[in-house]
Amino acid sequence: MLGVCYYPEQWSPDLWQDDARRMADLGLSHVRIGEFAWSAIEPEPGRFAWDWLDRAIDTLGRAGLRVVLGTPTATPPKWLVDQNPEILPHDRHGRPRRFGSRRHYCFSSPVYRAQTRRIVEAVARRYGGHEALVGWQTDNEYGCHDTVRSYSPAAAAAFREWLQKRYGTPAALNEAWGNRFWSMEVRSFAEVDLPMAAVTELNPSHVLDFYRFSSDQVATYNDMQAAIIRAHSPGRFITHNYMGAFPDFDHYKVSGAIDFASWDSYPLGFTDSIAALGFSDEERVRYACTGHPDISAFHHDLYRGMTDRRFWVMEQQPGPVNWAIWNPSPRDGMVRLWAWEALAHGAEVVSFFRWRQAPFAQEQMHAGLNRPDNVLDTGGREAEATARELSGDWWRAIKDRPMQPAQVALVFDYDTAWHHEIQPQGRSFSYLALVFTWYTALRRHGVDVDIVPPGRDLRSYKAVFVPSLQHVTPEAHKAFAACSGQVVFGIRTGAKTASFQIPRNLPPGPLQDLLPVKVTRVESLRPGLLRELRWRNRAYACGTWVERLEVDASAGVQGSFDSGDPAIVEKSGRTYVAAWPTRELALDVVSHTLAAAGIDAMRLDEDIRLRRRDGITFAFNFSGDSRPAPAPAGATYVLGAQSIAPFNLSAWKS
């Protein structure tokens with residue numbers, strides 16, 4: 001259930017056997033290798049150096065470790081770049097991004113796709129049947145360092161082909177994009193440029209299609225790698241390690257070619273460095289050494305929903321990292337807490353990054369399970385403690401059982417994230433921050449959450465929350481119509497058509513047959529400019545975004561703005577909230593909705609979070625003080641006790 005990332009090409013072979021032995025003794029079972037090793041595998045064009053990798057895999061296997069092999073395509077070697085400079089991605093100003101780090105390729109380059117097929121097939125043929133090999137990771141962190149969207153000549157050519165398949169004729173494209181505006185009509189697809197370097201704001205429909213195209217390029221690239229691996233390595237799984245808070249491509253589409261999703265969990269760096277999550281400065285300080293209580297859980301729930309309720313954590317933060325704005329050390333106990341949190345959410349394996357801190361190159365300030373002098377570090381000791389706990393009979397009894405669906409779903413949509421990025425209508429608007437407002441409110445009530453894409457069957461859920469869904473597809477509409485549970489829709493839902501235009505019948509567009517309201521005007525509000533919202537005898541000072549509604553007489557107005565305009569409207573278990581909710585409003589709406597749905601819930605301490613797995617309830621304490629476990633009388637503890645120690649957890653049967 002625990003693993004580690006290892007880079008044998010970076011260390012003397014004299015260390016490998018001892019490293020493998022120590023990994024096994026520590027309680028680790030899986031090792032990921034190879035995802036950055038192209039230049040070591042193929043030091044010159046067409047000359048493969050297999051001996052070192054043969055020996056490394058054999059050594060790990062003899063120690064009883066199961067190997068996950070990464071395809072090395074995230075780091076094309078210098079000779080390949082010099083031989084084919086057209087593979088480089090271009091930034092939004094049209095400048096090539098040079099060799100010298102990683103992810104220096106364009107997804108649209110036909111030359112790079114050919115080179116990818118060649119290297120992946122060579123590696124898959126060589127190791128596809130190795131007895132120590134249990135699975136594959138395609139590439140590494142697709143899109144990291146702003147590389148999903150390339151503005152290269154290859155991307156321009158591929159984008160025009162994509163548009164021709166989508167629209168058929170330039171006339172259809174002109175209509176979909178509204179190109180009569182500002183004299184933007186094109187006579188042929190060859191006249192379509194990439195959306196870049198314009199004098200002022202670009203056509204949002206043009207930009208949205210480019211984002212969709214770029215996302216599809218990631219998906220087809222991953223499809224290609226997966227097909228090659230399956231042909232030469234039957235019976236082994238395929239995964240990809242996604243990142244946190246990264247909506248630049250549609251992960252659901254990319255996951256169609258893999259067996260399960262993995263992700264790379266760095267709670268401290270995400271909390272401090274990703275402004276789009278909307279954490280306040282006070283929260284960043286408060287959780288600087290623990291990570292926000294919902295940052296990892298959100299991604300566990302998100303990536304568990306990519307495939308059939310399976311996921312891994314491929315990289316788990318073991319100590320200070322090197323890439324955030326500031327890089328504090330986790331509180332003692334947090335590495336263990338993060339590992340158990342992932343397992344409680346259904347992770348099959350938690351793999352720590354990395355085995356040993358490198359004393360050289362870009363990541364030399366990034367901690368590992370071992371220090372550079374090969375002495376076990378704090379993270380290594382906590383991994384060892386977790387491994388001992390995982391040997392308990394109670395865990396063995398549940399670890400292989402499939403995760404059961406939650407009673408609550410939250411709808412997350414990458415296309416909506418792109419809509420909001422392209423046309424936020426207000427500087428402080430962030431789709432991820434809006435989603436986190438609702439997700440945190442749910443987690444504060446101690447309920448388990450499934451994060452699902454629009455169009456997923458919702459009939460098994462008692463309550464569904466839709467923070468925002470800009471374009472409501474026919475599939476999504478059908479799923480909402482068939483859901484008999486409580487459904488809460490947030491701002492900007494149904495606000496656009498598929499081609500980024502306002503619906504003729506106004507937002508929420510097709511949802512008006514389920515909830516008869518019309519959004520007639522919207523406001524984005526600067527910090528300090530607020531609108532009072534009154535609901536159920538309470539007042540809330542709402543900012544960022546509010547909407548003006550027209551409401552049919554068949555719907556009930558539950559809350560109003562100080563202007564008298566409707567703010568919260570409900571009909572037949574479907575509710576529309578016409579404001580960016582304050583945290584208090586989100587908490588209260590969640591309380592009311594869960595009660596209406598018949599879901600047992602409790603308002604938790606703000607530093608305590610719960611997760612249930614097959615009859616075991618886990619409680620995680622993100623504070624520096626002991627807190628009482630919200631367990632019923634007579635609970636039997638399998639981890640910890642009724643008083644949860646600081647930066648620790650308890651788990652019980654009841």
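# Close-up views of a predicted model

**View 1. The largest pocket.** Welcome: we begin at the largest pocket, which has a volume of about 1300 Å³. Of the 50 residues lining this pocket, Phe-36, Ser-101, Arg-102, His-145 and Glu-363 are the closest to its centre. Helix 2 (38-41) and helix 10 (267-273) each supply at least two residues of the lining, and helix 2 gives the most, with 3 residues. By class, the lining has 22 nonpolar, 15 polar and 13 charged residues. This is a predicted model, in which local features need pLDDT of at least 70 and side-chain atom pairs count only at pLDDT 80 or more, while totals for chains, interfaces and linings use all residues. Residues are numbered from 1 along each chain as its sequence is written, and side-chain values use heavy atoms, with hydrogens and water left out.

A pocket is an open set of points on a 1 Å grid over the protein atoms alone, with protein on both sides within 12 Å along at least five of seven lines; a cavity is a set of points where a 1.4 Å probe fits but cannot get out, and lining residues have an atom within 4 Å of a point. Helices (H or I, at least four residues) and strands (E, at least two) are DSSP runs, numbered from the N terminus. Ala, Val, Leu, Ile, Met, Phe, Trp, Tyr, Cys and Pro count as nonpolar, Asp, Glu, Lys and Arg as charged, and the others, Gly among them, as polar. Grid points are joined across faces, edges and corners, and a volume is the space filled by probe spheres set on the points.

**View 2. The second largest pocket.** This pocket holds about 810 Å³ of space. Among its 37 lining residues, the closest to the centre are Gly-278, Glu-283, Thr-437, Trp-580 and Arg-583. Helix 17 gives the most to the lining, with 5 residues.

**View 3. The second largest cavity.** The second largest cavity has a volume of about 40 Å³. Its lining includes Phe-246, Phe-298, His-299 and Leu-302, and helix 12 gives the most, with 3 residues. By class, 8 of the lining residues are nonpolar, 1 is polar and none is charged.

**View 4. Aromatic pairs.** Tyr-242 and Phe-249 form a tilted pair, because their ring centres are 6.0 Å apart and their planes stand at 50°. Phe-249 is buried at a relative accessible area of 1% (buried means under 20%, exposed over 50%, partly exposed in between, with a 1.4 Å probe and protein chains only). Phe-298 and Phe-436 are another tilted pair, 4.8 Å centre to centre with 45° between the planes. Phe-298 lies in helix 12 (residues 295-304) and Phe-436 in helix 17 (residues 431-443), so this pair ties together parts 138 residues apart in sequence. Both Phe-298 and Phe-436 are buried.

**View 5. A charge over a ring.** The charged end of Arg-492 sits over the ring of Phe-429, 4.7 Å from its centre. The term requires NZ of Lys or CZ of Arg within 6 Å of the ring centre and within 35 degrees of the ring normal.

Conventions
Phe/Tyr/Trp six-rings, centres within 6.5 Å; stacked < 30°, edge-to-face > 60°.
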